Amino acid sequence: MHKKLFIPGPVEIAPEILSAMSLPMIGHRMKEYAELHGRVTANLKKLMFTNNRVFLATSSAFGVMEGAVRNLVGKRCANFCNGAFSDKWHDVTRRCGKEADPFKAEWGKPVTPEMVDRALASGKYDSMTLIHNETSTGVMSPLAEIAEVLRNYPEVVSIIDTVSSMSALPIKLDELGIDCCIFGVQKAFALPPGLAVFTASEKALARAATVEGRGYYFDFLEFAANDDKDNTPSTPCISQIYALDRQLERFFAEGLENRWARHSAMADYVRSWVRANGFGLFPEDGYCSQTLTCATNDRGVDLAALKRALGERGYAFDDGYGKIKGKTFRIAHMGDMTLEDLREFIAVIEGCLAGL
Ligand SMILES: *Cc1c(COP(=O)(O)O)cnc(C)c1O
C-alpha cells in the first residue's frame with residue numbers, strides 16, 4: 001500500500017508529473033535538450049525574480065550546498081545555525097577544508113538580523129550560509145531583514161538555502177540581493193528527489209574565479225560556461241527536468257499569488273488545529289514556517305504509536321527530526337497539497353488519537 005506523504009519531503013507527486021517523467025529520452029547535447037533547458041531556466045528566473053544565472057545540478061540539495069562552499073568561501077565563512085540542516089552545513093563547510101565559524105541560535109528560534117550583523121561586523125568573513133526555512137524545526141528566519149543587513153557587507157557572498165520554502169511564498173532574489181540561492185526539488189517543488197537548482201550572481205562568479213579547489217562536478221564556472229549554450233557540464237537527470245518543466249507550467253497556471261495564498265491558508269489551518277488540540281508550536285512566535293508545522297507534543301502522545309496507526313491507514317507521519325524526535329512532530333503543507341488533503345489527514349489523526 002502506498003502511504004500518502006505528509007512528511008516534510010519527499011512529498012506526494014502529481015500523476016501528470018510522473019507521466020512527464022516517462023517521456024522518451026533525448027541526448028543532452030541535442031538541440032531538443034537546449035530548448036528544454038532554456039525554457040526551464042527562463043521560468044525559474046521568473047519564479048525567483050532574478051536575472052542572475054540559474055543552474056541545474058543532478059544531485060540532492062546537499063551536493064550544491066557543498067559545491068557552493070567549495071566555490072564561494074575564500075577567506076572564512078560564517079555559518080548561521082538553528083537546526084539540523086544548518087548545523088550539518090557548518091560541518092560540511094569544515095569538511096571541505098574551509099575556515100568557518102558557527103553562529104548558533106537555539107533550536108526553535110530564528111537566525112536574526114542582529115546575529116548576522118554582529119558576526120559580520122568582525123570583518124573576518126567573506127561568505128555566509130543561512131537556511132531560510134529550517135525544516136527540522138519548522139522555523140522560518142526573517143530573510144528580508146537579514147538581506148537588509150547583508151547590504152552593509154558587500155565583501156560577503158550570501159549563500160541561502162531555500163529547499164523547503166522556494167515557491168511557497170515570494171522570495172525575490174534580486175530585490176533581496178542574494179548571491180547564491182539553492183534548493184532541491186523534492187520538498188516545496190513536489191518533484192521526485194535528485195535534482196537541485198542554484199543561482200549565482202556576478203559577484204558569486206567573480207569570487208569563484210579566485211577560489212582554488214572548486215573541483216569539477218560543482219564548479220560554478222563550468223556551469224556558467226555550459227549555461228551559455230543552455231547546457232550542463234555533465235549529463236543531467238533529463239527525466240526530472242521534464243518533470244520540472246511541467247511543474248513550472250503548473251505553477252504559472254495556478255498563479256504565483258494563488259500559490260502563495262494556498263500555502264498561507266494551509267499553514268493557518270494546521271497551526272490552528274495544533275493550538276486547539278492541546279499541542280504547542282515549536283517555533284518562537286512569529287517565525288512559524290509557511291510550509292510545515294513543527295508541533296510540541298504537549299499532550300504526551302506516544303508518537304511512535306501514532307505514526308504506526310497512521311501508517312496502517314495509509315498515511316506517512318513524521319514524529320520529529322534529530323534531537324527533537326518524539327518531543328515534536330511535523331506536518332508538511334507544501335508542494336501540491338491542498339487544504340482538502342490536510343482536512344483528510346487531520347481527520348484521520350483525530351481518529352487515531354482517540355484510539356491510542
Ligand atoms: C531536506 C533539506 C536539505 C537536504 O536536502 P537533500 O536533498 O537531502 O540533500 C537541506 N536543507 C533543507 C532546509 C532541507 O529541508
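Guide: The model is predicted. H11 runs over residues 256-276, which makes 21 residues. From the first C-alpha to the last, H11 reaches 30 Å, close to the 30 Å expected at 1.5 Å a residue.

The buried residues of H11 are Leu256, Arg259, Trp260, Arg262, His263, Met266, Ala267, Val270, Arg271, Trp273 and Val274. They cover an arc of only 160° around the axis, which puts them on the same side of H11. An α-helix has 3.6 residues a turn, so residues three or four places apart point the same way. Turned away from this buried side is a face with the exposed residues Glu257, Arg275 and Ala276.

Several elements pack against the buried residues of H11. The helices are H2 (31-48), H10 (238-254) and H13 (339-355); the strands are S11 (280-281), S12 (292-296) and S14 (328-332). After H11 comes Gly278, with a positive phi near 85°.

As for the ligand, the residues that surround it include Phe62, Met65, Phe85 and Lys187. Helix H3 (residues 61-72) gives the most to this shell, with three residues. An oxygen atom of the ligand is 2.6 Å from a side-chain N or O atom of Ser60, and a nitrogen atom of the ligand is 2.6 Å from a side-chain N or O atom of Asp161. The protein covers 89% of the 390 Å² of accessible area that the ligand has on its own.

How values were computed. Residues are numbered from 1 along each chain as its sequence is written. This is a predicted model: local features need pLDDT of at least 70, side-chain atom pairs count only at pLDDT 80 or more; totals for chains, interfaces and linings use all residues. Side-chain values use heavy atoms; hydrogens and water are left out. Helices (H or I, at least four residues) and strands (E, at least two) are DSSP runs, numbered from the N terminus. The expected span of a helix is 1.5 Å times one less than its number of residues. Buried means under 20% relative accessible area, exposed over 50%, partly exposed in between (1.4 Å probe, protein chains only). The arc is that of the directions from the helix axis to the C-beta atoms. Contact means heavy atoms within 4.5 Å. A residue is near a molecule or strand if one of its heavy atoms lies within 4 Å of it. A polar contact is a pair of N or O atoms within 3.5 Å; within protein, one must be able to donate a hydrogen and the other to accept it, and residues adjacent in sequence count only if both atoms are side-chain atoms. Accessible areas come from the Shrake-Rupley method with a 1.4 Å probe; for residues, only the protein chains shown count as cover.
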